[in-house]
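Hello,

Here is the structure I promised to pass on to you.

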Amino acid sequence: DGWQSTGSPAPISQILTKFVREIPGAHITVDDVPQLPDGHPSLPPEQLVFAYLRLTADNFKPEDVVAFHVTFFVEKAWLQDNKIHPWSVQFNRFDEQLRDWVPFLGKPLREEAGRHFYTVTPSGLSLWAISGALAVPPPRFRAYNLRVTPGQVEDGEAVEIKADIIKLGSASWV
């Protein structure tokens with residue numbers, strides 16, 4: 001019931017998958033997609049694409065998965081040549097039901113050997129686009145009325161945290 005390594009070809013550094021049970025032979029195939037396939041909408045104009053990839057499940061079904069954790073990289077030269085802000089890098093999943101891109105902002109992880117590494121916890125497998133922009137994307141949600149109960153706790157005690165959350169921006173970029 002732990003994480004299993006399920007794929008890692010470049011620009012993916014590692015894919016870990018948590019399953020509801022151990023699945024021997026579970027693997028994720030990562031295929032390079034040279035250009036946006038016909039019938040798919042483009043990313044927003046401010047997003048410059050580093051790579052399109054298709055992630056496909058081998059030997060498991062979506063209902064077998066608890067969570068994914070993906071580590072990927074972009075070349076520093078690509079960021080510099082295109083004036084991409086390193087904190088704007090996204091792992092965008094094409095949602096077949098919505099027929100739209102759902103972005104997952106990459107969390108900066110480390111820099112090494114001419115590459116910036118990021119981590120994301122995407123919601124599923126499909127066509128993906130690694131992209132970036134000149135500026136950090138604006139917040140998509142705002143939290144207010146934060147409430148923590150109780151106000152003071154000792155180590156090991158339970159805490160309840162509540163907040164009101166509002167969605168900002170367009171409906172397609174949740």
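**What I found**

K83 sits in the loop between α1 (76–81) and β6 (90–95); helices (H or I, at least four residues) and strands (E, at least two) are DSSP runs numbered from the N terminus. Please keep in mind that this is a predicted model, in which local features need pLDDT of at least 70 and side-chain atom pairs count only at pLDDT 80 or more, while totals for chains, interfaces and linings use all residues. Residues are numbered from 1 along each chain as its sequence is written, and side-chain values use heavy atoms, with hydrogens and water left out.

Most residues other than glycine have a negative phi, and most peptide bonds are trans. K83 has a positive phi, near 55 degrees, and is exposed, with a relative accessible area of 62%. (Exposed is over 50% relative accessible area, buried under 20%, partly exposed in between, with a 1.4 Å probe and protein chains only.) N59, in the loop between β4 and β5, also has a positive phi, near 75 degrees. N59 counts as exposed because its relative accessibility is 53%. There is also a cis peptide bond between T149 and P150, with omega about -10 degrees; P150 is in the loop between β11 (141–149) and β12 (160–167).

**Overall layout**

Of its 174 residues, 39% count as buried.

**The cores**

In soluble globular proteins, nonpolar side chains tend to be buried together. A nonpolar core here is a set of buried Ala, Val, Leu, Ile, Met, Phe, Trp, Tyr and Cys residues joined through side-chain atoms within 4.5 Å. The largest one has 27 residues, and those with the most contacts inside it are I12, I28, L55, F60, F72 and F91. β5 gives the largest share of this core, five residues. Another core, apart from that one, has eight residues, including V33, L36, L43 and W101. As for L55, leaving aside neighbours within four places in sequence, its contacts (heavy atoms within 4.5 Å) are I15, I28, T29, V30, L125, S126 and W128.

**T119**

Is T119 buried or exposed? T119, in strand β9 (residues 115–120), counts as buried because its relative accessibility is 11%. Its side chain makes a polar contact with the side chain of H69 at 2.7 Å. (A polar contact is a pair of N or O atoms within 3.5 Å; within protein, one must be able to donate a hydrogen and the other to accept it, and residues adjacent in sequence count only if both atoms are side-chain atoms.)

**A pocket to look at**

A pocket is an open set of points on a 1 Å grid over the protein atoms alone, where a 1.4 Å probe fits, with protein on both sides within 12 Å along at least five of seven lines; lining residues have an atom within 4 Å of a point. Of the 15 residues that line the second largest pocket, P62, F68, S123, G124 and L125 are the closest to its centre. β5 (65–75) and β4 (48–58) each supply at least two lining residues, and the largest share, four residues, comes from β5.

Happy browsing!
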